[in-house]
Amino acid sequence: MSVPVARPATTPGTVLLTLASAQFLMTLDTSVMNVSIATVAHDVGTTVTGIQAAITLYTLVMASLMITGGKVGELVGRKRAFAVGCVIYGAGSLTTSLAPTLPVLIVGWSFLEGIGAALILPAIVALVAANFAQPDRPRAYGLVAASAAIAVAVGPLIGGLLTTYASWRWVFAGEVVLVAGILVLARRVSDVGRERSGRLDGGGTILSALGLSLAVLGILQAGSWGFVTPKPGAPAIMGLSPAIWLVVLGGVVLRVFLSWERRRLAAGRATLVDPGMLANKVLRGGLTAFFFQYLLQAGLFFVVPLFLSVSLGLSAIATGLRIMPLSLTLLLAAIGVPRLFPHASPRRVVRVGFACLFLGIVVLLALLEVGVGAEVVTWPLLLAGLGIGALASQLGAVTVSAVPDTRTGEVGGLQNTLTNLGASIGTALAGAVLIFALTSTFLTGIQNNPAVPAQVTAQAQVRLAAGAPFISDAQLSQRLADAGVIGPTAAAIMQENTRARLDALRWSLATLALLALVALFFTDRIPERQPGRSP
């Protein structure tokens, strides 16, 4: 094996622009599509459920192949893996932009873009380490991570503008152009040496992909099936929801995968990942912090847009503009912390980051009341942005510095696997708590409201047994009218739905706040000193 040597970038600005643009692109798709689902479904002749299935498949493909993508980069060279991933991703974007039907959309978006992302994301982690010396890595990783979070924030704005005034297809056509620009700029990026010999661990690839796919699929389907207890009408296996069985089975397969890797390592054969890396306390601490960051970030990006777009009825464009304050402070923190406090303790910065996230969530929780406007999210999002930016400025350098530069590809695969799992769990958990709280609060409210007849309450309890939909006042009014419920009864139900929506949002935010506190207890393994600095 060759010994890769990190070579500082001769054009750091160009390198950062290249890698941050790629990270931005990888994250943009889902946030754009979430506000365009109905339009895309109509254009390709399918249902909303069909598009949601495509989103699920994209997440599954990307998450299940992330570890393998990191190993491929180690074998063929990270720069080459990055370039090949961009070509595959660009082909997927072009296919998606021209897709006439759902199957073509799935091939282009779910599979080709998912495979491309699985090659690109681990390579980005390794290429930052290859192009920047240790003292410069926190700022570089911070900017790259910030670009991903900004993509989540501006995605609804971009998607809303193009879907409203042009077509969602232009988003993917624009991605093809962006990919071409990234490939041109990538020539200025220094590479890490690759292994002279070695083969891809086929058995490990199958086991890791299967285990991660099962676990992520279970998490994603928990909202539809129920996580432990099956929802009415949902399938059941031995009295339990299939979601919990998928997660458990995925965990078992991943344990088998680690045993497989240990045996191959002991026999001197090629492995997909060295299980011994997970014994590294600093690496585990960084990966755990990454997991919680993306869990909280995804949960927040699930709850806040729901409040703005459903509870307040804002358009996708207006919702995107209201989320922009988070992007501003996130970028400031990601750039400013390494520049203004280069010797700051990573552990202290990470703790401050989680504390800011906790405060932002708690402030929003306290401000949510009936009748409040969209302005209430501004200060909480500013605080949350500071927290995410502070975390982004440290965690990438922490995980990479925990192992030799020869292992950065493996670290990239593990890191992106944990962030995908965190984001999936954050969205699923926030959604499950929200629907549970909405259903119980709404049904209790109409049951205790004298303006709602007992017959209507009984019908609601039957129809909403699987969970009440989180819908706007306009949507509920239309449904009530279609059902022949009018007058004082309709007004009372509307009032109870408004209250239940806010209560559900509060419960979801309270859960995220609790998890932010839990995250603080896992920061002891984050190092106290910046990588490469002597005591």
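**View 1. The start of helix α9 in the predicted model.** A side-chain oxygen of Asp201 comes to within 3.4 Å of the backbone nitrogen of Gly203 at the start of α9. The helix itself covers residues 202–225.

**View 2. Helix α9 along its length.** The 24 residues of α9 reach 33 Å from the first C-alpha to the last. This span is close to the 34 Å expected at 1.5 Å a residue. After α9 comes Gly226, which has a positive phi, near 90°.

**View 3. The packing of helix α4 with helix α6.** Helix α4 comprises residues 66–76, and helix α6 comprises residues 102–131. The two pack at an angle of about 60°, and their axes are 8 Å apart. Their crossing is right-handed.

**View 4. The residues that join α4 and α6.** On the α4 side, the contact is made by Met66, Gly69, Gly70 and Val72. On the α6 side, Ala117, Ala118, Leu119, Leu121 and Pro122 take part. Of the residues in this contact, 7 are nonpolar and 2 are polar, while none is charged.

Methods:
Residues are numbered from 1 along each chain as its sequence is written. This is a predicted model: local features need pLDDT of at least 70, side-chain atom pairs count only at pLDDT 80 or more; totals for chains, interfaces and linings use all residues. Side-chain values use heavy atoms; hydrogens and water are left out. Axes are lines fitted to C-alpha atoms, for helices over the stretch in contact, and angles run from 0 to 180 degrees between N-to-C directions. Helices (H or I, at least four residues) and strands (E, at least two) are DSSP runs, numbered from the N terminus. A crossing is left-handed if the near helix is turned anticlockwise from the far one by less than a right angle, and right-handed if clockwise. Contact means heavy atoms within 4.5 Å. Ala, Val, Leu, Ile, Met, Phe, Trp, Tyr, Cys and Pro count as nonpolar, Asp, Glu, Lys and Arg as charged, and the others, Gly among them, as polar. The expected span of a helix is 1.5 Å times one less than its number of residues. A polar contact is a pair of N or O atoms within 3.5 Å; within protein, one must be able to donate a hydrogen and the other to accept it, and residues adjacent in sequence count only if both atoms are side-chain atoms.
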